Amino acid sequence: MLSRLAQLRKEKKWSLQYTADQLEIAKSTYAGYESGYRRPSLEALVTIAELFDTSTDYLLGKEKEPHSLSDAPIELTSPQTHTITVDGVELSQEEIQQLTAFIRAKRQIEKETAPSSI
């Protein structure tokens with residue numbers, strides 16, 4: 001994990017101070033994570049993964065490639081761990097359900113009206 005933190009930070013050309021500021025922690029705390037002197041809490045680990053747009057598994061050495069969190073599909077019918085917005089306004093759970101219902105209805109109509117291939 002230690003080398004991965006430094007690698008990710010350097011790839012973004014971020015200083016220790018800038019990274020610590022983004023995480024809202026002291027520079028010495030973050031430097032301790034990179035050097036191995038300190039270990040981040042679970043909450044801090046999740047925050048670091050989100051900052052670097054990667055997974056906690058990658059940071060912990062369980063994955064070889066740093067998968068982008070933004071590349072992962074978001075399932076609208078599952079409990080939300082991400083904020084979904086339209087025009088900068090967060091969707092309510094009811095709006096997400098309505099959107100899901102609309103998409104399902106549209107797909108059904110398209111399926112029923114599609115020319116059949118014989």
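Visitor: Let's start with Arg 4: is it buried or exposed?
Guide: Buried means under 20% relative accessible area, exposed over 50%, and partly exposed anything in between, with a 1.4 Å probe and protein chains only. Arg 4 has a relative accessible area of 17%, so it counts as buried.

Visitor: Before we go on, what kind of model is this?
Guide: Residues are numbered from 1 along each chain as its sequence is written, and side-chain values use heavy atoms, with hydrogens and water left out. Local features need pLDDT of at least 70, side-chain atom pairs count only at pLDDT 80 or more, and totals for chains, interfaces and linings use all residues, for this model is predicted.

Visitor: How far is Arg 4 from the ring centre of Tyr 58?
Guide: A charge sits over a ring if NZ of Lys or CZ of Arg is within 6 Å of the ring centre and within 35 degrees of the ring normal. Arg 4 lies over the face of Tyr 58, and its distance from the ring centre is 4.1 Å.

Visitor: How many aromatic pairs are there?
Guide: Rings of Phe, Tyr and Trp (its six-membered ring) pair if their centres lie within 6.5 Å; planes under 30 degrees apart count as stacked, over 60 as edge-to-face and the rest as tilted. A search of the whole structure gives a count of 3.

Visitor: What is the angle between the planes of Tyr 30 and Tyr 33?
Guide: Tyr 30 and Tyr 33 both belong to helix H3 (residues 27–35), 3 residues apart, about one turn of the helix. Both are buried. Their pair is edge-to-face, 6.3 Å centre to centre, and the angle between the planes is 75°.

Visitor: Which residues form an aromatic cluster?
Guide: Here we move to another group of rings. One cluster brings together Trp 14, Tyr 18 and Phe 52.

Visitor: Why are the buried residues of H2 on the same side of the helix, and how wide is their arc?
Guide: In helix H2 (residues 16–23), the buried residues are Thr 19, Ala 20 and Leu 23. The arc is that of the directions from the helix axis to the C-beta atoms. They share a side of H2 because they cover an arc of only 100°.

Visitor: Which residue's backbone oxygen lies 2.9 Å from a side-chain polar atom of Thr 19?
Guide: Thr 19 is part of helix H2 and is buried, at 0% relative accessible area. The backbone oxygen 2.9 Å from a polar atom of its side chain belongs to Ser 15.

Visitor: Which residues does Thr 19 contact, leaving aside neighbours within four places in sequence?
Guide: Contact means heavy atoms within 4.5 Å. With neighbours within four places in sequence set aside, the partners of Thr 19 are Arg 9, Trp 14, Tyr 30, Leu 51 and Phe 52.

Visitor: What is the relative accessibility of Asp 87?
Guide: Asp 87 lies in the loop between strand E1 (85–86) and strand E2 (89–90). Its phi is near 55°, positive in a residue other than glycine. Asp 87 counts as exposed because its relative accessibility is 78%.

Conventions:
Helices (H or I, at least four residues) and strands (E, at least two) are DSSP runs, numbered from the N terminus. A polar contact is a pair of N or O atoms within 3.5 Å; within protein, one must be able to donate a hydrogen and the other to accept it, and residues adjacent in sequence count only if both atoms are side-chain atoms.
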